[in-house]
Amino acid sequence: LIGLAAFVGVPHRASRRSRPAMSYLVPGGAVLTAAVVLAVSPTGPFQGLTTAMALLAIALGTLRMVQALRDVESLGRELSNAQIDALTGLPNLRALRTISQSRLEGASIIVLNISSFADLNISMGHEAGDRLLQLVAERLKSRLRDRDQLARIAGDTFAVFLPHTTTASAATVAEGLISLVE
């Protein structure tokens, strides 16, 4: 009965923000508890009921674990196909490749890397580092034309795709962006 009670408390689908491991642990605990109940079930008038409840908990817990596994697999597929950086809301490297593939002729790309970002993350904490990345993204985006595309392509690296832009013009844009975030 304890296993069944533990099983009932698990939501059907794993929330994107919840830890997928919990989707396995609670139903797994229900299955384990039910198996223990079966192994040590007492004899007497409630033996049939105890056995039936334990078998039901095992069946339902196993079903829930299968559902949780499918949810985790689905989330993994979504993440691998994602084209937006969750932290900054900018396109990521995958999206930038897609965007730039058909428009490379006459275009320029600027790659910007935040100096000493790892040191900041260590000394100030990851929340400060995340906030810095968000601020840099906002500032960079504010200086670009509508047709330009800003992307976060790695942890502390941004890229700007500038269609119909000469190398000399891109150098000017790069200098302006660097001075903007220094």
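Select D85 and R152. Their side chains meet in a salt bridge, 3.0 Å from N to O. This is a predicted model. The pair joins distant parts of the chain, 67 residues apart. D85 sits in the loop between α3 (47-81) and α4, while R152 belongs to strand β2. Both D85 and R152 are buried.

How many salt bridges does a search of the whole structure find? The search finds 3. Visit the others now.

Select E138 and R131. Their side chains form a salt bridge at 3.9 Å, N to O. E138 counts as partly exposed because its relative accessibility is 49%. R131 is also partly exposed, at 40%.

Next, pick D148 and R145. Here the salt bridge spans 2.8 Å, N to O. D148 is buried, with a relative accessible area of 9%. R145 is partly exposed, at 36%.

Move to D156. Find it in the loop between β2 (149-154) and β3 (157-162). D156 is buried, yet has no salt bridge. The nearest side chain of opposite charge is R152, 7.6 Å away. A salt bridge needs nitrogen and oxygen within 4 Å. Show what surrounds D156: leaving out residues up to four places away in sequence, D156 touches L112, N113, I114, F117 and L133.

Now turn to the largest nonpolar core, which has 17 residues. Which of them touch the most other members? Select I110, L140, L150, F158, V160 and L177. Colour β1, α6 (126-142), β3 and α7 (167-181): each supplies at least two residues of this core. The largest share, 4 residues, comes from α6.

Zoom in on I110. Setting aside neighbours within four places in sequence, I110 contacts F158, A159, V160, L162, A170, V173, A174 and L177.

Then go to L144, in the loop between α6 and β2. Is L144 buried or exposed? L144 counts as buried because its relative accessibility is 14%, and buried means under 20%. Not counting residues up to four places away in sequence, L144 touches L150, V160, V173 and L177. L144 and F161 are 17 residues apart along the chain, and their C-alpha atoms are separated by 10.0 Å.

Select L104, I109 and V111, which make a nonpolar surface patch of about 280 Å². L104 lies in the loop between α4 (93-101) and β1 (108-113).

Conventions. Residues are numbered from 1 along each chain as its sequence is written. This is a predicted model: local features need pLDDT of at least 70, side-chain atom pairs count only at pLDDT 80 or more; totals for chains, interfaces and linings use all residues. Side-chain values use heavy atoms; hydrogens and water are left out. Patches are made of residues with over 30% relative accessible area and no salt bridge: like charges are joined within 9 Å, nonpolar side chains (Val, Leu, Ile, Met, Phe, Trp, Tyr) within 5 Å. Accessible areas come from the Shrake-Rupley method with a 1.4 Å probe; for residues, only the protein chains shown count as cover. Buried means under 20% relative accessible area, exposed over 50%, partly exposed in between (1.4 Å probe, protein chains only). Lys and Arg count as positive and Asp and Glu as negative; His and the chain ends are not counted. Contact means heavy atoms within 4.5 Å. A nonpolar core is a set of buried Ala, Val, Leu, Ile, Met, Phe, Trp, Tyr and Cys residues joined through side-chain atoms within 4.5 Å.
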